[in-house]
Amino acid sequence: MPENTDAVILDGAAPVTAGPAALADVDKRDKPRSLWNDAWYDLSRKPIFYISALVILFLVLIAIWPSLIATRDPLQCDLINSQNGPSAGHWFGFDQQGCDVYTRTVYGARASVEVGIFSTLGVGVLGALLGGLAGYFGGWLDAILSRISDIFFGIPILLGGVVFLSAVKGGSVLTVSTFIILLGWPQLARIARGAVITAKEQDYVLAAKALGAGHSRVLLRHIAPNALAPVIVWSTIALGTFISLEATLSFLGVGLKPPAVSWGIDISSAAEQIRNAPHMLLWPAGALSVTVLAFILLGDAVRDALDPKLR
C-alpha cells in the first residue's frame, strides 16, 4: 500500500484506499458551519434578499451622487410651470412652486438616507451598549437602566418629536437624528439585554470565566458575537422605520425644513393639491414607500436567516 494513505472501511464492503486529499475534502464537508455561514447560505437562496438589496444599493448610490441621474437643480423653480403635469424632459411634472418633481424626488433620498443611517448607528451603539452592560452585570445596574428605559418607553415617539422638535429652531439632519436616538434606544437596549442574558448562561461563557477570562474578554470575544444577530435584525428593519419617521415629522412641519429637500416636505406641500395635481404627491410618496418596504423585506430575510428556530 502506498505511503500517506488511509483505508476507509464501509459497512459490508471491502476496504477502500483514500489519499490525504480525499480525506481533507471529507473533513471540509463534515466541518460544521458557523451561524454567519449558515445565514449567508440561506440568504443567497432568497430572491427577495437580492431584490431588496439592489433597491437599497441604488438608493444609497443616488443619495451619494444624485447628479448621476438628475442633472437639474432641485431648488431652481419657475412659477410659470406651477403644477404642470409630466412632459418631455420633465417626467414627473412640476410642483406648486414650479420645481421639477423628478429632480426633487431624486435629491430627497439624500436627507432620508442620512437620517436613517445616523439614527440607526446612534441607536445601535447606545442601545446595544447599555442593554449589553445591563444584561451582563445585572443587579443594581440592570435595575437602574431598566427603569430609565421604562421612562423613555412611556413617551410616544411621534408626540415626543412634535414637542421636542417644535422647541428647536431650524430642522436639520443632525437635529432629527439626535431626537430619534434619544427616544429610540430603549427598544434595542431590551433586545440586547435579553440576548446577552441568554448568551452568558452558555457553557462556553462559563468555561471562559472558569479559566480566568476577564469581563472585557468575555463580553467582546464570547458574548458579543453570539448576541449580535438580533441587534442586526432589529437595526435593519428600524432603518426603514426611521426614514418613515423623518418623513412624517417633516410632513407635520417639525422635522426637516426648507430649503432642505425631503420627501416629507414635498408630500406635505402636495397634500393640499392632490385633486388638482396628483402627480405632485404620487412620486415622492411612492419613493418613500418603496424605500421603507425594501428595508423591511431585507430585515425579514435577515431575521429568517439568523434565527435557527425559523429554519
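Below is a chat about the predicted model of this protein chain.

Reader: OK, what's the mean pLDDT of the chain?
Author: The mean is 84, and 86% of the residues reach 70 or more. pLDDT is the predictor's confidence in each residue, from 0 to 100.

Reader: Where does the pLDDT fall below 50?
Author: Residues 1–14 are one such stretch, with 17 contacts beyond near neighbours in sequence. Residues 21–28 are also below 50, with three contacts of that kind. Contact here means heavy atoms within 4.5 Å.

Reader: How many helices and strands are there?
Author: Eleven helices and two strands. From the N terminus the order is β-β-α-α-α-α-α-α-α-α-α-α-α. Helices (H or I, at least four residues) and strands (E, at least two) are DSSP runs, numbered from the N terminus.

Reader: And how much of the chain is buried?
Author: Buried residues make up 39% of the 311 residues. Buried means under 20% relative accessible area, exposed over 50%, and partly exposed in between, with a 1.4 Å probe and protein chains only. As for contacts between residues at least 6 apart in sequence, 66% of them join residues at least 24 apart.

Reader: Let's do helix packing. At what angle do helix 3 and helix 4 cross?
Author: Roughly 100°, and their axes come within 8 Å. That makes helix 3 roughly perpendicular to helix 4. Axes are lines fitted to C-alpha atoms, for helices over the stretch in contact, and angles run from 0 to 180 degrees between N-to-C directions. Angles under 35 degrees count as roughly parallel, over 145 as roughly antiparallel, 65 to 115 as roughly perpendicular and the rest as oblique.

Reader: Which residues meet there?
Author: Leu59, Ile62, Ala63 and Ile64 in helix 3 meet Val106, Ala109, Arg110 and Val113 in helix 4. By class that's seven nonpolar, no polar and one charged. For the classes, Ala, Val, Leu, Ile, Met, Phe, Trp, Tyr, Cys and Pro count as nonpolar, Asp, Glu, Lys and Arg as charged, and the others, Gly among them, as polar.

Reader: How do helix 8 and helix 9 pack?
Author: Helix 8 (residues 203–210) and helix 9 (residues 215–251) pack at about 180°, with axes 11 Å apart, which means helix 8 is roughly antiparallel to helix 9. Tyr204, Val205, Ala208 and Lys209 of helix 8 touch Val218, His222, Ile223 and Asn226 of helix 9. This contact has five nonpolar, two polar and one charged residues.

Reader: Is Leu188 buried or exposed?
Author: Leu188 is buried, with a relative accessible area of 0%. Leu188 sits in helix 7 (residues 173–200). Leaving aside neighbours within four places in sequence, Leu188 contacts Val123, Gly124, Gly127, Ala128, Val231, Trp234 and Ser235.

Reader: And what does Asp142 touch?
Author: Apart from neighbours within four places in sequence, Asp142 contacts Ala134 and Arg193. Asp142 is in helix 5 (residues 139–153) and is buried, at 12% relative accessible area.

Reader: Switching to helix 10: which residues are buried in it?
Author: In helix 10 (residues 263–271), Trp263, Gly264, Ile265, Asp266, Ile267 and Ala270 are buried. They pack against helix 3 (47–64), helix 4 (101–137), helix 9 and helix 11 (279–306).

Reader: What does Ser262 do at the start of helix 10?
Author: A side-chain oxygen of Ser262 reaches to within 3.2 Å of the backbone nitrogen of Gly264. For reference, a polar contact is a pair of N or O atoms within 3.5 Å; within protein, one must be able to donate a hydrogen and the other to accept it, and residues adjacent in sequence count only if both atoms are side-chain atoms.

Reader: Now the backbone. Which peptide bond is cis?
Author: The one from Pro258 to Pro259, with omega near 15°. Pro259 is in the loop between helix 9 and helix 10.

Reader: What about the phi of Gln83?
Author: Gln83 has a positive phi of about 65° although it isn't a glycine. Most residues other than glycine have a negative phi, and most peptide bonds are trans. Gln83 lies in the loop between helix 3 and helix 4 and counts as partly exposed at 24% relative accessibility.

Key. Residues numbered from 1 in each chain as written. Predicted model: local features only at pLDDT ≥ 70, side-chain atom pairs only at ≥ 80, totals over all residues. Heavy atoms only, no water.
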